[in-house]
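Subject: Structure handover and notes

Hello,

Here is the structure for your files. My notes on it follow below.

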Amino acid sequence: HCIGDAAAGLTLEAFEAALAHERTVTARINKLMDLAQDERNHAAQIFLQWFVTEQVEEEASVGHIIAQLKRIKEDGRGLMMIDNELAQRTFTPPTAE
């Protein structure tokens with residue numbers, strides 16, 4: 001094993017922790033949405049829908065990275081390829097409505 005191999009394993013652990021965190025955030029947002037529905041607070045439901053949609057995307061994104069990391073196992077070269085791919089992503093701020 002080389003340093004890159006160890007980094008790949010640690011990276012997988014970090015993204016698995018990130019996915020667990022995203023799932024916790026999703027559960028909290030879902031509880032807020034449930035409360036808004038119970039209270040028939042339609043404005044809050046509309047407001048929260050953006051967060052629900054965002055969390056679906058976040059969990060899918062992190063899940064995709066985890067799948068890639070599992071595919072490369074502990075290959076440092078594969079980790080570099082994933083890193084380069086992630087570096088190409090750009091942030092698109094939400095549109096004001």
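Helices (H or I, at least four residues) and strands (E, at least two) are taken as DSSP runs and numbered from the N terminus. On that basis the protein chain has 3 helices and 0 strands, in the order α-α-α from the N terminus on.

Some conventions before the details. This is a predicted model, in which local features need pLDDT of at least 70 and side-chain atom pairs count only at pLDDT 80 or more, while totals for chains, interfaces and linings use all residues. Residues are numbered from 1 along each chain as its sequence is written, and side-chain values use heavy atoms, with hydrogens and water left out.

Overall figures

Of the 97 residues in the protein chain, 25% are buried (under 20% relative accessible area; exposed is over 50% and partly exposed in between, with a 1.4 Å probe and protein chains only). Contact here means heavy atoms within 4.5 Å. Among contacts in the protein chain with a separation of 6 or more, 67% are between residues 24 or more positions apart.

Cores

A nonpolar core is a set of buried Ala, Val, Leu, Ile, Met, Phe, Trp, Tyr and Cys residues joined through side-chain atoms within 4.5 Å. The largest one has 9 residues: Leu-12, Leu-19, Val-62, Ile-65, Ile-66, Leu-69, Ile-72, Leu-79 and Ile-82. Helix H1 (3-38), helix H2 (42-72) and helix H3 (76-87) each give two or more residues to this core, and H2 supplies the largest share, 5 residues. A second, separate core has 5 residues, including Ile-29, Ala-36, Leu-48 and Val-52.

H2 against H3

Two packed helices are described by the angle between their axes and the distance between the axes. For H2 and H3 the angle is about 160° and the axes are 9 Å apart. The axes are lines fitted to C-alpha atoms, for helices over the stretch in contact, and angles run from 0 to 180 degrees between N-to-C directions. H2 and H3 are therefore roughly antiparallel to each other (over 145 degrees; under 35 is roughly parallel, 65 to 115 roughly perpendicular, and the rest oblique).

The residues that meet are His-64, Ile-65, Gln-68, Leu-69 and Ile-72 in H2 and Gly-78, Leu-79, Ile-82, Glu-85 and Leu-86 in H3. By class, this contact of H2 with H3 has 6 nonpolar, 3 polar and 1 charged residues (Ala, Val, Leu, Ile, Met, Phe, Trp, Tyr, Cys and Pro count as nonpolar, Asp, Glu, Lys and Arg as charged, and the others, Gly among them, as polar).

Ile-82 lies in helix H3 and is buried, with a relative accessible area of 7%. Leaving out residues up to four places away in sequence, Ile-82 touches Gln-68, Leu-69 and Ile-72. The C-alpha atoms of Ile-82 and Gln-68 are 7.6 Å apart, at 14 residues apart in sequence.

Gln-68, in helix H2, is buried at a relative accessible area of 11%. Its contacts, leaving aside neighbours within four places in sequence, are Ile-82 and Glu-85.

Gln-45 is also found in helix H2, and counts as buried at 19% relative accessibility. With neighbours within four places in sequence set aside, Gln-45 is in contact with Met-33, Ala-36, Gln-37 and Arg-40. The C-alpha atoms of Gln-45 and Leu-35, 10 residues apart along the chain, are separated by 9.2 Å.

Regards
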